[in-house]
Amino acid sequence: MAESGRQIDRFFRAHPEYAADYTQDSFWERRAIAARYLPAHHLRPLLTDTDEAVRRVLAYRVPQEWLLELRNDTDREVRITVTDRLPEHQVELMAGDPDYLVRVYVARRLPEGRLFRLAADPDNEVRRTVAGRIPCVSLGLMAYDAEAGIRRIVAQRMDVDDLGMMSKDNDWMVRYDVALRAKPDLLQQMLDDSEEEVRLAARQRWRTLNLARDR
């Protein structure tokens, strides 16, 4: 009869053998807490429980081979947990999820060589995660991203031989990041940049490169 989560948990912690008797209880919290103590073979009927709190427990506890049964769950937290627990070779199955945060988790776990499919994701946070992980040889796909902060990540990671495509970016902070890494030929073109901060960075790097060459 207890309705306090703490009391319910204390009961099942002391008597886990009773957990199976509460999988159909009318109170969602008793079902959710009972699910923490159930043997794995009793978990399957709860995969379709009406309460998301119960299904969240299931997402943490069920064997990996059952996880795909929860991939289209209506609750975001359930799908995030599924994404976090799926074997690496199955993570891409969640890449089309309608919730941006689920796709962020996909972008964090997807093998680097498969990240290109999220390079044009509609959400900035997803693309930002991709920009930080995608192999350098594929960064050109994101050199013209609509978000300046993402283009800065690209400019900071891109191979120096490819930086020319970003030296005329319309955001001066992106050009500043290019100037910090550019080779002499490209630097020379940036010494007359329209933004003073970029010109200063280009001149400083020019001096540094010349000093290194003269040693």
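Trainee: Where is aspartate 145?
Mentor: Aspartate 145 sits in the loop between helix 6 (124–133) and helix 7 (148–157). Keep in mind that this is a predicted model.

Trainee: Is aspartate 145 buried or exposed?
Mentor: Aspartate 145 has a relative accessible area of 8%. The cut-off for buried is under 20%, so aspartate 145 counts as buried.

Trainee: What is aspartate 145 in contact with, leaving aside its neighbours within four places in sequence?
Mentor: Ala119, Arg127, Ile150 and Arg151. Also, a polar atom of the aspartate 145 side chain lies 2.8 Å from the backbone nitrogen of glutamate 147.

Trainee: What caps the N-terminal end of helix 3?
Mentor: Aspartate 51 does, with a side-chain oxygen 2.8 Å from the backbone nitrogen of alanine 53.

Trainee: And which residues of helix 3 are buried?
Mentor: Val54, Arg55, Val57, Leu58 and Ala59 are. Their cover includes helix 2 and helix 4.

Trainee: Switching to salt bridges. How many are there?
Mentor: The count comes to 18 salt bridges.

Trainee: Which residue forms a salt bridge with aspartate 75?
Mentor: Arginine 56, and the closest N and O atoms of that pair are 2.9 Å apart. The two residues are 19 residues apart and link distant parts of the chain: arginine 56 is in helix 3 (52–61), while aspartate 75 is in the loop between helix 3 and helix 4 (76–85).

Trainee: Are those two buried or exposed?
Mentor: Aspartate 75 is buried, at 11% relative accessible area. Arginine 56 is partly exposed, at 33% relative accessibility.

Trainee: What about arginine 76, which residue forms a salt bridge with it?
Mentor: Aspartate 99, with the closest N and O atoms 3.0 Å apart. Arginine 76 is in helix 4 and aspartate 99 is in the loop between helix 4 and helix 5 (100–109), so this pair ties together parts that are 23 residues apart in sequence. Arginine 76 counts as partly exposed at 30% relative accessibility, and aspartate 99 is buried with a relative accessible area of 16%.

Trainee: Which residues do salt bridges with shared partners join into one network?
Mentor: Asp9, Arg13 and Arg36.

Trainee: Now helices 1 and 2. At what angle do they pack?
Mentor: Helix 1 (residues 5–14) and helix 2 (residues 28–37) pack at about 35°, and their axes are 10 Å apart. The crossing is right-handed.

Trainee: Why give both an angle and a distance?
Mentor: Because two packed helices are described by the angle between their axes and the distance between the axes.

Trainee: Which residues meet there?
Mentor: From helix 1, Gly5, Ile8, Asp9, Phe12 and Arg13; from helix 2, Glu29, Arg30, Ile33, Ala34, Arg36 and Tyr37. By class, that contact has five nonpolar, one polar and five charged residues.

Trainee: Arginine 30 is on that list. What forms a salt bridge with it?
Mentor: Aspartate 25, with the closest N and O atoms 2.7 Å apart. Arginine 30 is buried at 12% relative accessibility, and aspartate 25 is buried at 17%.

Trainee: Last one. Where is glutamate 17?
Mentor: Glutamate 17 is in the loop between helix 1 and helix 2. At 53% relative accessibility, glutamate 17 counts as exposed. The C-alpha atoms of glutamate 17 and arginine 30 are separated by 14 Å, and the two residues are 13 residues apart along the chain.

Methods: Residues numbered from 1 in each chain as written. Predicted model: local features only at pLDDT ≥ 70, side-chain atom pairs only at ≥ 80, totals over all residues. Heavy atoms only, no water. Axes fitted to C-alpha atoms, helices over the stretch in contact; angles between N-to-C directions. Helix = DSSP H or I, 4+ residues; strand = E, 2+ residues; numbered from the N terminus. Left-handed = near helix turned anticlockwise from the far one by under 90°. Contact = heavy atoms within 4.5 Å. Nonpolar A, V, L, I, M, F, W, Y, C, P; charged D, E, K, R; others polar. Salt bridge = Lys/Arg side-chain N within 4 Å of Asp/Glu carboxyl O. Buried < 20%, exposed > 50% of the residue type's maximum accessible area, 1.4 Å probe, protein only. Polar contact = N/O pair within 3.5 Å; in protein donor to acceptor, adjacent residues only side chain to side chain.
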